[in-house]
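Opening the notebook on this one.

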Amino acid sequence: MHCKSFALLATLSCSFNAMAEWSSTVTLASDYLFNGVSQTDEKPALQASLDWSGENGWYAGTWASNVDFGDDTNLEVDLYAGFYQDINDNIGLDLGVAQYTYHGASYSDEGNYAEAYMKWAIGNTELNFWYAWDYFGTGAGHYIVMLNHSIPINDDLSLLLGVDRSASTDSDKFQWEDGDDDYIHWQAMANYSLSGFDLALGVQGTDLDTYGDTRVLLTVGRTFSF
């Protein structure tokens with residue numbers, strides 16, 4: 001079962017300098033877990049992004065990963081653009097749109113859809129919202145509400161605790177499980193920086209019955225700026 005919002009275990013993190021800059025992140029993950037549901041049939045994923053951050057908070061980028069939905073679709077490519085603004089020293093606001101596309105079979109693009117998001121950063125806490133009006137090509141509205149809190153341990157190590165709810169607004173067109181149009185996902189992750197690499201290790205789970213089992217997730221990534 002597919003689930004997507006651009007929170008990628010992520011959540012998109014942007015830093016903006018006085019001049020525009022480009023960066024790329026390459027990540028190897030033990031599973032492509034999105035909000036607790038595997039997008040790779042519980043197999044590893046290789047993921048990469050290319051990001052541009054401009055002056056005054058504007059940014060854009062693309063992100064790709066292998067996927068396995070049990071058919072011939074094998075690649076996801078996302079495009080996104082938005083605007084980030086610091087409200088004050090403690091609060092930041094990120095507004096944007098994303099387009100999700102799928103490839104590998106002649107019918108894969110039937111799952112393409114767009115989504116709008118709003119993310120609030122309040123100190124070490126994030127309150128994020130996503131809304132899709134044609135979720136995964138089903139015609140159903142779908143939203144996600146996410147609350148994350150980071151606990152810095154030192155300059156290299158932090159803990160992330162999070163919970164989110166994914167819900168269909170039209171159960172006649174899309175349900176996560178039979179008779180259930182929403183679910184809860186939780187995560188507890190440790191993030192560590194080592195010699196230029198970003199490592200994450202933790203546990204994620206959901207309250208779904210048929211998939212979204214509690215799983216250990218390990219990711220290793222590296223970001224290149226140019």
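Definition before anything else: strands here are DSSP runs (E, at least two residues), numbered from the N terminus. I note that this is a predicted model, where local features need pLDDT of at least 70, side-chain atom pairs count only at pLDDT 80 or more, and totals for chains, interfaces and linings use all residues. Residues are numbered from 1 along each chain as its sequence is written, and side-chain values use heavy atoms, with hydrogens and water left out.

I looked up V26 and found V26 in strand β1.

V26 belongs to a nonpolar surface patch together with W22, L28, L46, L50, F224 and F226, and their accessible area together is about 700 Å². Patch members need over 30% relative accessible area and no salt bridge, and nonpolar side chains (Val, Leu, Ile, Met, Phe, Trp, Tyr) are joined within 5 Å. The areas come from Shrake-Rupley with a 1.4 Å probe, and for residues only the protein chains shown count as cover. Which strand gives the most to the patch? That is β1, with three residues; β1 (21-29) and β4 each supply at least two.

**Entry: the barrel**

Next I traced the sheet. Twelve strands make a closed barrel with antiparallel pairing, in the order β1-β4-β5-β6-β7-β8-β9-β10-β11-β12-β13-β14. Neighbouring strands of this sheet are turned by 20° against each other on average, direction ignored; the axes are lines fitted to C-alpha atoms, and angles run from 0 to 180 degrees between N-to-C directions. Two strands pair if DSSP finds at least two bridges between them.

I then zoomed in on β5 (residues 58-66). Seven bridges join β4 (residues 45-53) to β5, and S53 stands opposite Y59 there. The β4-β5 hairpin has four residues between its strands, and N56 in the turn has a positive phi of about 65°. On the β6 (residues 75-86) side I get nine bridges, again antiparallel, with T62 opposite L79.

In a regular strand the side chains alternate between the two faces of the sheet.

**Entry: the core**

The largest nonpolar core has 24 residues, and Y32, Y80, Y113, Y117, Y135, W176 and L208 touch the most other members. β7 gives the largest share, three residues. A core means buried Ala, Val, Leu, Ile, Met, Phe, Trp, Tyr and Cys joined through side-chain atoms within 4.5 Å.

**Entry: charges**

How many salt bridges does a search of the whole structure find? Six, each a side-chain nitrogen of Lys or Arg within 4 Å of a carboxyl oxygen of Asp or Glu.

R215 pairs with D31, the closest N and O atoms being 3.0 Å apart. This links distant parts of the chain, 184 residues apart: R215 in β14, D31 in the loop between β1 and β2. D31 counts as buried at 1% relative accessibility, whereas R215 is partly exposed at 22%. D31, E42 and R215 are linked in a network of salt bridges.

Key:
Patch = residues over 30% accessible without salt bridge, like charges linked within 9 Å, V, L, I, M, F, W, Y side chains within 5 Å. Buried < 20%, exposed > 50% of the residue type's maximum accessible area, 1.4 Å probe, protein only.
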